[in-house]
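Hi there,

Here is the structure I promised to pass on to you. Have a look at it first, and then read my notes below.

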Amino acid sequence: MAQAVAERVIDLAVDLLDVNALIARIDLNLVLGRVELNSLLRRVDLNEVLNHVDLNQVLETVDLNEVLDRVDMDKLMARIDVNQLVSRIDVEELVKNTDLGHIMVSSSSTMATEAVDLGRSHAVSMDDTLARWAGKLRRNHTRQAGPPELPNAQDGPPELPNAQEKP
């Protein structure tokens with residue numbers, strides 16, 4: 001019975017007590033100085049705390065440009081194994097997605113066009129050379145060697161041979 005009376009007295013005292021006034025009188029720095037933070041943190045399950053954190057909301061407040069400005073890119077790139085990265089590339093799939101036939105046809109047609117143009121250029125050059133030699137040989141047999149005669153200005157312009165006549 002004494003215990004029941006004590007509990008009732010405590011309940012009445014707490015009801016009459018001004019909790020805000022009581023807290024105002026407590027020195028919280030003194031109370032927190034007595035708290036062993038490491039033992040308190042060991043009792044906290046951080047995974048459970050993080051389960052209640054909205055990471056998307058946290059990331060919206062982060063300025064990624066500021067974070068990237070702090071990154072040493074040379075140090076980061078030195079850690080990348082390029083051989084391992086390249087070994088992960090599926091070359092067959094890459095070739096499938098590339099129109100390799102079109103590239104080969106385009107390249108070979110360009111080379112063929114250039115070869116034909118080069119052959120024509122050489123043929124024209126050879127044709128000109130043969131025509132000069134033939135002209136020289138014909139002149140040497142039909143006329144005397146020497147420079148061709150200049151037309152007389154009084155005679156008028158020289159006549160051009162008719163296309164149907166043979167020279």
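This is a predicted model, in which local features need pLDDT of at least 70 and side-chain atom pairs count only at pLDDT 80 or more, while totals for chains, interfaces and linings use all residues. Residues are numbered from 1 along each chain as its sequence is written, and side-chain values use heavy atoms, with hydrogens and water left out.

Let's start with the overall picture. The protein has 11 helices and zero strands; here helices (H or I, at least four residues) and strands (E, at least two) are DSSP runs, numbered from the N terminus. Of its 167 residues, 1% count as buried, where buried means under 20% relative accessible area, exposed over 50%, and partly exposed in between (1.4 Å probe, protein chains only). The accessible surface is about 17000 Å², and 58% of that belongs to carbon and sulfur atoms; such areas come from the Shrake-Rupley method with a 1.4 Å probe, and for residues only the protein chains shown count as cover.

Now for the charged pairs. Side chains of opposite charge can pair when their charged atoms come close. A salt bridge is a side-chain nitrogen of Lys or Arg within 4 Å of a carboxyl oxygen of Asp or Glu, and the count by this rule is two.

- Glu 66 and Arg 70 form a salt bridge, with their closest N and O atoms 3.8 Å apart. Arg 70 is exposed at 69% relative accessible area, whereas Glu 66 is partly exposed at 44%.
- Asp 117 and Arg 120 form a salt bridge at 3.9 Å, N to O. These two residues sit three residues apart in helix α11 (residues 100-142), about one helical turn. Asp 117 is partly exposed at 42%, and Arg 120 is exposed at 55%.

Best wishes
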